[in-house]
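Hello,

Here is the structure you asked to look at. My notes on it follow below.

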Amino acid sequence: MKVTLSFEESESSDVSIMVDALRASSTITIALDKFKKIIPCFTLEEALKIKEETGGIVAGERMGKQVDGFDLGNSPTAIKDFETCEDTLILTTSNGTRILENMHSKVLIGSLINAESVAKKSIAMAHNHIDVVMAGVKGNFAIEDYLASGEILYWIVQYLEDCDLSEYAQTAILASRNYELLKDSFINSRTAKRLVELGYESDVELCSLINITENVAIYENGQLKLIKD
């Protein structure tokens, strides 16, 4: 099995894991406890149009801030505590949902909080190539995505007997092996500091935890749903 690490665009037409650790991947993963489906949108207008046509809870951010008029921001802690009878979340974010638009493979959603589970699911679904794809921030490398990807790749290697691992992927695994250093780099990243300034310190803390959920989302037919055993 070929296993690679990419930035923004996937190299694989088989299985890809999209990683936007702060915060879209974590928000989506946590939201699966509350909602049957998540509809990622690429513009604010599209999100509001879907809400008007179908109902649901609309959530999103731009530059980290909750969009005015939306029910929620891109906040895993807020969604975790949110009470609703709706079964659909409509989500638009600056980076993670944008990356999904150009994927041409089976796409899973990965983060630190579900690293082992998404690794196992990717192996079960893949035929010949798993590519872990870092979302980054506005076209720029983001250390939190690199470290979260390294954790996911580590678990892929643990469960995969025959693995052709790219050197880029190998370095990400090495960078993620000391959790104290990983967490320190994660919470001191540019993205994390920006979120703390905006009052989202609890989100940063939650997103820096490893393997706290077995939820894994798959992106199919424009929707994100929980993969069930």
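E151 has a relative accessibility of 5%, so it counts as buried, the cut-off for buried being under 20%. This is a predicted model. E151 forms a salt bridge with R177, and the closest N and O atoms are 2.5 Å apart. Because E151 lies in helix α6 and R177 in the loop between α7 and α8, the pair ties together parts that are 26 residues apart in sequence. R177 is partly exposed, at 37% relative accessibility.

The structure holds 5 salt bridges. Another one of them joins the side chains of E205 and K183, at 2.8 Å from N to O. Here E205 belongs to helix α10 and K183 to helix α8, so parts 22 residues apart in sequence are tied together. E205 is partly exposed, with a relative accessible area of 39%, and K183 is partly exposed at 21%.

K183 is also among the residues that S208 touches, along with L112, Y179, F186 and I187, leaving aside residues up to four places away in sequence. S208 sits in the loop between α10 and β10. With 0% relative accessibility, S208 counts as buried.

Back to α6: how do the axes of helix α6 and α7 cross? They come within 7 Å and cross at roughly 100°, which means that α6 is roughly perpendicular to α7. Residues making the contact include Y146, L147 and G150 of α6, and Y168, A169 and T171 of α7.

Y168 counts as partly exposed, at 36% relative accessibility. Together with F141 and I143, Y168 forms a nonpolar patch on the surface, with about 260 Å² of accessible area.

Regards

Methods
Residues numbered from 1 in each chain as written. Predicted model: local features only at pLDDT ≥ 70, side-chain atom pairs only at ≥ 80, totals over all residues. Heavy atoms only, no water. Helix = DSSP H or I, 4+ residues; strand = E, 2+ residues; numbered from the N terminus. Buried < 20%, exposed > 50% of the residue type's maximum accessible area, 1.4 Å probe, protein only. Contact = heavy atoms within 4.5 Å. Patch = residues over 30% accessible without salt bridge, like charges linked within 9 Å, V, L, I, M, F, W, Y side chains within 5 Å. Areas by Shrake-Rupley, 256 points an atom, 1.4 Å probe, with all protein chains shown as cover. Salt bridge = Lys/Arg side-chain N within 4 Å of Asp/Glu carboxyl O. Axes fitted to C-alpha atoms, helices over the stretch in contact; angles between N-to-C directions. Parallel < 35°, antiparallel > 145°, perpendicular 65-115°, else oblique.
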